[in-house]
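Here is a friendly walk through one model, taken a few elements at a time. Please keep the viewer open as you read.

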Amino acid sequence: RLCELLDNAGRGWRKLAELAGAEKRFRCSVEELEMCSLKVLEPRGSPTQCLLQLLAERDCTLRYLLGCLERMGHEQACRVLSSAVQDGIRITVQPESQVVVEGTKVSLTCCATGPPGLMYQWFCGRQEVPGATSPELVIDTATPVGQWYICRVNCGATFTFSRWAHVQVEKSSSPSSASGYCPSMAGLQILRQPRPCRLAEGDTLALECRAIGNPPPQYQWFRNRRPVEGAQAPQLQVKLVTTAERGSYSCHVFNLFHEVWSQEVDVEIGEGPRQTSVTSHLLCSQQSPPGVSHSVTTPPSPVLAATDKVALLIGNMHYLHHKQLQAPIVDVHALGALLCQLDFKVVSLLDLRKAEMQMAVNEFLLLLDKGVYAGLLYYAGHGYENFGNSFMVPIDAPSAYTSEHCLCVQQVLQEMQQRRTGLNIFLLDMCRKRNLNDDIIPQVGALEVTANIVFGYATCADAEAYELSQGELSNGIFVTFLKRWLLEDEKITVLLDKVAEDMGTLEITRGRQALELRSNLSERRALTDPIRPPGQDESSARNLQWAKAHVLPESRHLCFDCGVTVQLGFAAEFSNIMIIYTRVLAAPKDITQCEARLTDIPEELDVDLKCTNKESPEELGSPLASIWSLGCPSCSLYSRICGLQKLRQELAFTVCLQYRYQGMDDFVEERQRVSVGRPLIAKLNLQ
């Protein structure tokens, strides 16, 4: 039936071969595709039949084939294949772990679909539960001992297992609680209420609400009577809290028949005045005699020492309506690595839309206050300059963009001045040609006279900025020469003068591109100026805000029912680009071949399937693979996840384990759903 549908249709077997080839092992060569096409010359030949045979020899599963047909949009073919996929046993309702009071009864449920005649068998640990051969298992918890339960579903020799469920039994706190089958009769009972707490910024918030019920309870946490996104577990945990997390918390507990609310508790988080200096933070953290108060002001110091140095680096490459750029990925990474050596706190982002760029700048401004010595903003991408104002172009700008579609650099500067930062540096690696579509003069307002502003333009007014190709890599001309001088202990204006002199020696851009320096800096301030000793500013919201954007999920081990253990690891390429790798750590001797692949990645991230589950870092197509792969183990499958700033909820995906037993031809498949929270920049909620 598939051959009839795909041999003659416009969306036929060639399209199927193209989509199936997204996985390297299913990719057909030109010769193989030609062999398929020649089948039409045979009396009963079918190109589709030949292609399916090739895919079968490569161990392609029906489920993967169905996914390809769905992406083709071929509804008839999907219906034909769906019936075959559904013939296997699939568990639709998994047993849930529960906490119950001693002496009550609890019910575990496992439901499955598949061929007629499904049979069930429950196990407690490795022992069969006598007579437990129905989808529901009722347990009498007469003694306070926790046990693990699992259900096997089979049809003849074909079988599958449910998830493990743990039944934790707690001692009764009152005689009346052990009254038979009370969870389903009396509704839900909360066993453990959340407690109020007082925390300092940077601590971990941990609240817990435990309940019993039948069906098992579900949870939703609320802050200030609004639901907390993604908080649907008995425990609510927030790392690196700031004052934004303070408020009144409660938990809504519910199941199919009942609902109950926990008590509302207050979470207080310490906050210092916005302009509190570093020294006052240090003093307040030390013990002092009773009755001695601390001033929140610090006498001015004549020494130019930085209390902090922060940088926001933005590189836009993959424009939706304009020419694609190559250099920003390399330039942003190179500049970020050098600034880290100078003790800058760096947030580096690639490919931002306008709203995301604005939110990134807003978060950058939160990192700046009176105690910050230097704030540096670097931008690489398309840009223009009209009436003396520079505009950064986001990747979603329309073909005929104007200032309303872009970010004005001078407006960002005005906001930076309000933060009283000691040194404001703008490095703009973009064109400054006039935009003929934009005749609006923006009303930016007058800038303050602060004598602390430095502009380094990659090119002159009404000129273009160029990229320089070096083998597979591309660098912007500006960063190519800036890298040579950035670590020098020179006044920033002197350093940029030297960069300008070096750029002038490049023959291919002479007369086309020249660095332009604008500055009103009155003091000798350098990027290399030392910051105060580490530890004096650890409690500030600024450090916490920066730290949140650099937290990777912890590496973890996934244990599958077949006995295979898989390592799930993470690496950061930029603040909004993460590498996930899977590696098989251990497998039973009777399993001869297995691999763990990522699937079901959120669509909002626009993940390119060609950049997932690759056998080597180089196959991901990133020019930085040789750098971040140094910290990754070999014999792994690698996936590159971009656009983390788009996440609206926790990052969740499926790890699909495919393995084959010795002496068997068919692969067996197991899946585990994994949630890794909000990694890197996603924690800042740029949406």
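This is a predicted model: local features need pLDDT of at least 70, side-chain atom pairs count only at pLDDT 80 or more; totals for chains, interfaces and linings use all residues.

The expected span of a helix is 1.5 Å times one less than its number of residues.

## Helix H9

Helix H9 covers residues 328-341. Its 14 residues reach 20 Å from the first C-alpha to the last, close to the 20 Å expected at 1.5 Å a residue.

How many of the residues of H9 are buried? The count is 10 of 14, so the helix is mostly covered, with buried meaning under 20% relative accessible area. After H9 comes aspartate 343, which has a positive phi, near 70 degrees.

## Helix H10

Helix H10 takes in residues 354-366. Its 13 residues should span 18 Å at 1.5 Å a residue, and the C-alpha atoms at its ends are 19 Å apart, so the two values agree.

Which residues of H10 are buried? They are Glu356, Met357, Ala360, Val361, Glu363, Phe364 and Leu365.

## A three-stranded sheet

Next is an open sheet of three strands, in the order E35-E37-E38, with antiparallel pairing. Strand E35 (591-599) and strand E38 (668-675) are the edge strands, and each of them pairs on one side only. From one strand to the next, the twist averages 20 degrees.

Between E35 and strand E37 (residues 652-661), the antiparallel pairing runs over eight bridges. To find your place in the viewer, look for arginine 597, which stands opposite cysteine 656 in E37.

## The second largest pocket

The strands of this sheet turn up again in the second largest pocket: E35, E37 and E38 each supply at least two residues of its lining, as does helix H5 (62-72). The volume of this pocket is about 910 Å³.

Which element gives the largest share of the lining of the second largest pocket? That is H5, with six residues. The lining has 27 residues altogether, and those nearest the centre of the pocket are Gly67, Arg71, Thr599, Asp600 and Leu609.

Technical notes
Residues are numbered from 1 along each chain as its sequence is written. Side-chain values use heavy atoms; hydrogens and water are left out. Helices (H or I, at least four residues) and strands (E, at least two) are DSSP runs, numbered from the N terminus. Buried means under 20% relative accessible area, exposed over 50%, partly exposed in between (1.4 Å probe, protein chains only). Two strands pair if DSSP finds at least two bridges between them. Axes are lines fitted to C-alpha atoms, for helices over the stretch in contact, and angles run from 0 to 180 degrees between N-to-C directions. On a 1 Å grid over the protein atoms alone, a cavity is a set of points where a 1.4 Å probe fits but cannot get out, and a pocket is an open set with protein on both sides within 12 Å along at least five of seven lines; lining residues have an atom within 4 Å of a point. Grid points are joined across faces, edges and corners, and a volume is the space filled by probe spheres set on the points.
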